[in-house]
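User: Hi! Could you help me learn to read a sheet and an interface?

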Amino acid sequence: MANNKADLLQGTLDLLILKSLQNEPMHGFGISLRIQQMSKEMLTVEQGSLYPALYRLEDQGWIKSEWGVSENNRKAKFYSLTTSGRKQLATEEQSWAKLSTAINLVLGNA
Amino acid sequence: MILLRQFLNLFRRRKLDAEMAEEMRLHLEMQAERNRAAGMNTDEARYAALRQFGNVASMQERARDARTWRWLADAVTDARLGLRLLVKEPLFSLLGIVAIAGSIGATTTLFSVVNSIVMRPLPMPEPERVVQVWEKNPGRGITQFSVSFMNFLDWHRRSTSWAQLAAAEFPASNVILGNEPERLRTVAHTRDWFPLFGLRVQVGRAPDEAEFQKGVGGVVVISDRLWRTRFAADRSVMGRALVVNGAPHTIVGVAGPDLGVLDGMDLFVPLRGGGRNADRGAHDVDVYGRLRPDVDRGTAEAELAALAAQLAREFPESNDGWSARFEPIFDTLVPPEIRRGLWLLLGAVAVLLLVACTNLAGLLLARASARTREFAVRVALGGGRGRLVRQMMAETMVMVALGGALGGWLAASSVQLLRGLDLLGLPRANEISLDGRVLAFAVLATVATGVAAALAPAFAAARVNVQHGLKDGAAAGTSRQRGRQLLMAGQLALAVVLLATAALLFRSFSRLQSTELGFQANRVLTARLAPGDRGRALVEQWIERVRALPSVEAVAVTNSAPMAPQNTSNSVFPVGAARIPTTESVQCEWRVVSEDFFHAMRIPLLKGRSFTRADNEQAPRVAIVNQTLARQLWGDEDPIGRQINPGGGKTYSTVIGVVGDVRSRNPGQPPAPQFYLSAHRWVWNTMTLVVRSDRAANDLAPALRTELRALDPTMPLFDVRTLDESVGLTLAPRRVSAQLLIVFAVLAVVLTMTGLFAMVAHAVAQRMREVGIRLALGASPRDVALPLLRDTLRVTGAGVGFGLVGAVLVGQMLRGTLEGVSSLDPFSLLVAVGTLFLVALAAGYWPMRRALRVDPLVALRAE
């Protein structure tokens, strides 16, 4: 539950998930922790959105999943970026940069 | 990519679900562990994790939705549910499926008939460019006449508008195949005929130019049917001789299997060549042509008119006043009346389908109201109303789909059946078949029926009031009652319209049937033969032998019997003083008849005398006129001794007798002017024998054949039928239409009755409790029944009222085709309205009686 933390849009969530998988494969719990960390506790992923997003990304072929063993010897499903996923990440990063620049311009000139 | 994967995921649901559950469980554990590491105890950690995670069940559902085609999975589930529902109430389901199957089957069958005959283009190349050409003579009031062969030849030579222009005759052919002489349908045609109709020759060749010039008596092309049935598809049949009408013909080819509009023809021979010493004034061929692609109708018409004018100048004796016109071949092959009749039948059966649909909707609505509690609970638990609607529709669609599939099968069988029947001369009957369009129609009809039937109950489910639904003893909302009542009124209206239309058609048909024809058709047998050159002698000998048979009252010959398809007409000019000038004429039907004709047909001889054997070539020309012609030419004056000039040439005939009028073509039309010539002077190619017997006419048929065979074993006798049959055939299309419509109307009434019965029974059952209370409180049975009665009457009144309006409208539309009966015929309307009122009363009576007899205690406990 987000209190005074920001809500996330679906497309943005996809971007964040892809980004968080950029360096190494991870399981769902790990992904949500990583996003929290990377945003310095400003963003919390609602679990209700996380798994549907993961499955959608998998169906679209940008991430793939594999059962493996986690750091504390638990069974977990690990997700990793595919080649097209990496490309998609780059594309989305560019779009986001453009979008935020545009919004900043508008706000700056408001 | 994603769509495909999501579709495939449908099939791996269980595995995916298991994995998903596993994954989330592990997530929760990891979260709980973290919480423990942060200092909570085991239980707290777990609860905190759960809270943080959210509603596992709904998340799993949302996750599942994200990865599959939710709607498809739902549809499959709904369908399975629907199937289970069907099995649970077998009687209801069976009735529903049968009603739907019958309606869709009938509608699809009729659609395939309409599609094959009216909608599909004719089976020939570029049918929209093909026309039939008629000659006309406006001065004599002739708008449509056969063409003179000599004129045709000149058109063919001089005209530039036509890709093909062909002429043909359809003579009767006596052919000897094996032991028995047979009559085969023949086309004698010119060279352009085959390319015009797109006919091909599959073995051998078509006649060549020289053979066309030589004309009759040379070569013949046989049909595929003849080749297979009589020559065992033997390719060496080329060069064999076939005796046709006494003359040997060499078989030069076999026509391709598909003859299109010429289906049924067996022999193709060249029409007599141009060198024939032909009479330009003899109009006896049919002409068809295909316009050149770069020529439009107007140009071709103008050219034809100009050519005709040219010929009229060159040959004033024969061509003066004659011109030509043409019309699209589709209009001549499938005349507008037939098209109208077919569309009417299709409309009627569609109405029946609508009635069945409405019936089903009403029944489903009742069933839905019984499930109010179920719907209320589901909505209360968070199930979307949209989902409910979809489920109701899916359940209905299962039943309708089954009905539709069965109906489709019924239609396929019916179409097969129809092709086998000889459908009373319905044009293009041989082409009736199923094709893609019919299949699409069947599917569309099924879907539309399903949607229509499901709409009412689906929306009833969607609008369920949760609070009311959850209460004990939920009664049906008034809105649902209103819905059912509306459906019922609609059904009644449709049934009234169908019944009224059926009654109208039936009245029209019986009027026609009872029309005074001018002759007596019972116990008369007719038979045709084509004696050829041996003509007169043979026929006269045969007549003598037949006359000698026991039980024969009278025997005569004519060129065409009344109500037979052969028609001859001519224009008659008066000679001398008359009510019209001698330059004007009356268009008449005419016949060549022998001495006993009027006696055999029981046509009254009003004045003068009939023909005798003495009226032959040596005697002066004589004629007999009918009353209508006499009146048109000479009013009330005595026509005996006056002269007429048939055809406007120089052949005058003296009137020796006047006979009564005869309706010989269309019983619905007033009798036409007619005149008769003596068969002892004129012999026609094909003669019809008319025999009156003192017992059943058909008994004479074998004897007729025997006597003919004794005289000439090579002469076939054909078209042997009683005059009653001929009359019946003429009326057949109308009779069949009326019969079919009556069947549809009866079915609609039965459906309406069951629907009404169900509705009233249901209304009674629902108000049981209320009824019980009121009875217990002292109300009389009548007080309780009255509101029920009032409701039923209101519905019936509304339905029948609208139906009446609809029936009147339909009657107006049919005005042109109803003969002898006004479109506002009160009898038909009364029958329709009265029947449905009675039906409504009967249907409502029983449940109401039950309601009145109920024991209040039982009613109170009824739940």
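**Reading the contact and the sheet**

Analyst: The contact (heavy atoms within 4.5 Å) takes 24 residues from chain B and 23 residues from chain A. This is a predicted model: local features need pLDDT of at least 70 and side-chain atom pairs count only at pLDDT 80 or more, while totals for chains, interfaces and linings use all residues. Residues are numbered from 1 along each chain as written, chains are lettered from A in written order, and side-chain values use heavy atoms, without hydrogens and water.

User: How much area is buried between chain B and chain A?

Analyst: The size of an interface is often given as the accessible area lost when the parts come together. Here that is about 2,400 Å² (1.4 Å probe, summed over both parts), and carbon and sulfur atoms give 56% of the area.

User: How many salt bridges are there between chain B and chain A?

Analyst: A salt bridge puts a side-chain nitrogen of Lys or Arg within 4 Å of a carboxyl oxygen of Asp or Glu. The count here is 2, including Lys77(A) with Glu19(B) at 2.9 Å, N to O. On the side of chain B that touches chain A, the largest share, 12 residues, comes from α2(B) (a helix is a DSSP run of H or I, at least four residues; a strand is a run of E, at least two).

User: In what order do the strands of the sheet in chain A come?

Analyst: Strands of a sheet pair through backbone hydrogen bonds, either parallel or antiparallel. In chain A, 3 strands form an open sheet, β1-β3-β2, with antiparallel pairing (strands pair if DSSP finds at least two bridges between them). β1 (26–27) and β2 (63–69) each have a single partner strand, so one side of each is left without a neighbour in the sheet. Between β2(A) and β3 (75–81) there are 7 bridges, and Gly68(A) stands opposite Ala76(A) in β3(A).

Notes. Buried area = accessible area lost by both parts, 1.4 Å probe.
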